[in-house]
Amino acid sequence: MIEDVVAKIQNRRFLSFEFVPATGGIETQIAALQASGIMQKIDAIVCTDSPRACLKMSPILASIKLQQTLQKPVICTLSMRDRNSLALQAELLGANAFDLRLFLALTGDPVRLGDQPQSKGVFEGSSKLLLKIIDRFNCGTDLQGKPLKCAQQRIYPLCVMNAFAKPLEKLKTTIRNKIQNGAFAIITQPVYERDTAQTLLQWVTEANHELGRNVTLIFGFYPITTFKGACFLHKNLPGMSIPHFWLQKLESAHFTGKEHERAEGVRMSKELFAELWNLQPCVHFMSSSHLKIAKEILCENFCIPPKI
């Protein structure tokens with residue numbers, strides 16, 4: 001199951017869906033996901049790790065539950081905010097026993113942004129530390145170079161990168177560093193312009209050629225249905241930017257009425273998804289587990305054509 005989805009990523013034809021675990025049990029969320037029809041469209045689920053430093057269910061345990069219940073590969077997010085290198089190694093060893101072997105490495109949002117102000121961030125290292133640990137495990141040793149007593153199944157690390165910078169050329173160095181540090185694939189923050197997506201894709205191609213690698217770029221996609229939501233993302237989420245024409249059209253629709261505003265947002269989001277998919281059919285669909293909009297885009301009027 002894991003190697004099948006790895007092959008899809010390497011062949012650059014891949015669709016994943018974001019799952020944000022609830023604070024408690026996730027059975028209701030899983031049932032809703034099964035009933036939505038989305039599962040037939042996606043190749044893998046990306047389970048988040050307490051995004052924006054707000055308390056959620058353990059990503060390791062939630063990922064195991066998801067993978068076993070849905071029989072769909074899960075990419076488990078691990079944040080450096082909450083774990084030192086000992087905890088990271090221990091969790092990877094445990095996850096391996098449950099065939100959880102796809103991990104998205106994040107540095108993590110600072111604790112001050114979240115709902116647990118009493119916590120202290122660990123931040124022993126950036127996401128590069130997890131990539132280094134995974135590389136050592138795949139070579140049969142721990143971080144200290146000591147041989148692992150039991151053979152581990154291969155682990156596949158993914159990482160994230162911004163989709164916006166001033167100037168955009170700064171991201172070219174970021175891409176090269178991510179590839180050089182051992183990432184298997186790179187997921188971008190949400191992209192809202194085709195030209196930006198094409199530039200990032202070109203830089204990944206160039207870095208792969210230079211370094212002799214075959215790292216896949218996966219476009220981050222987040223649908224927007226309200227002017228207020230677009231403004232919040234534009235002002236508060238680093239590493240992404242909402243184009244002026246998006247803000248302008250959603251603002252105009254906003255004053256026409258809520259129904260028209262949402263319809264315009266859905267229309268623009270559908271067009272964006274189709275543009276990204278046609279550019280390179282490797283997309284990570286983020287929606288904070290809001291299934292209605294995901295169903296409208298993935299299950300209504302969208303058909304993923306078979307690979308020729």
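Which elements make a right-handed β-α-β unit? Select strand E6 (residues 185-190), helix H7 (residues 194-211) and E7: together they make that unit. Right-handed here means that, with the strands pointing away from the viewer, the path from the first strand over the helix to the second runs clockwise. Helices (H or I, at least four residues) and strands (E, at least two) are DSSP runs, numbered from the N terminus.

A word on what you are viewing: this is a predicted model, where local features need pLDDT of at least 70, side-chain atom pairs count only at pLDDT 80 or more, and totals for chains, interfaces and linings use all residues. Residues are numbered from 1 along each chain as its sequence is written, and side-chain values use heavy atoms, with hydrogens and water left out.

Next, select E7 (residues 216-221), where six of six residues are buried (under 20% relative accessible area, with exposed over 50% and partly exposed in between; 1.4 Å probe, protein chains only). Thr216, Ile218 and Gly220 point one way, while Leu217, Phe219 and Phe221 point the other.

Now show the neighbours of E7. E6 pairs with E7 in the parallel sense over four bridges (pairing needs at least two DSSP bridges), and Ile186 stands opposite Leu217. E8 also runs parallel to E7, joined by three bridges; there, His284 is the bridge partner of Gly220.

Finally, select Phe17, Phe221, Phe273, Trp277 and Phe285, which form one aromatic cluster. Both Phe273 and Phe285 are buried.

Key:
Rings of Phe, Tyr and Trp (its six-membered ring) pair if their centres lie within 6.5 Å; planes under 30 degrees apart count as stacked, over 60 as edge-to-face and the rest as tilted.
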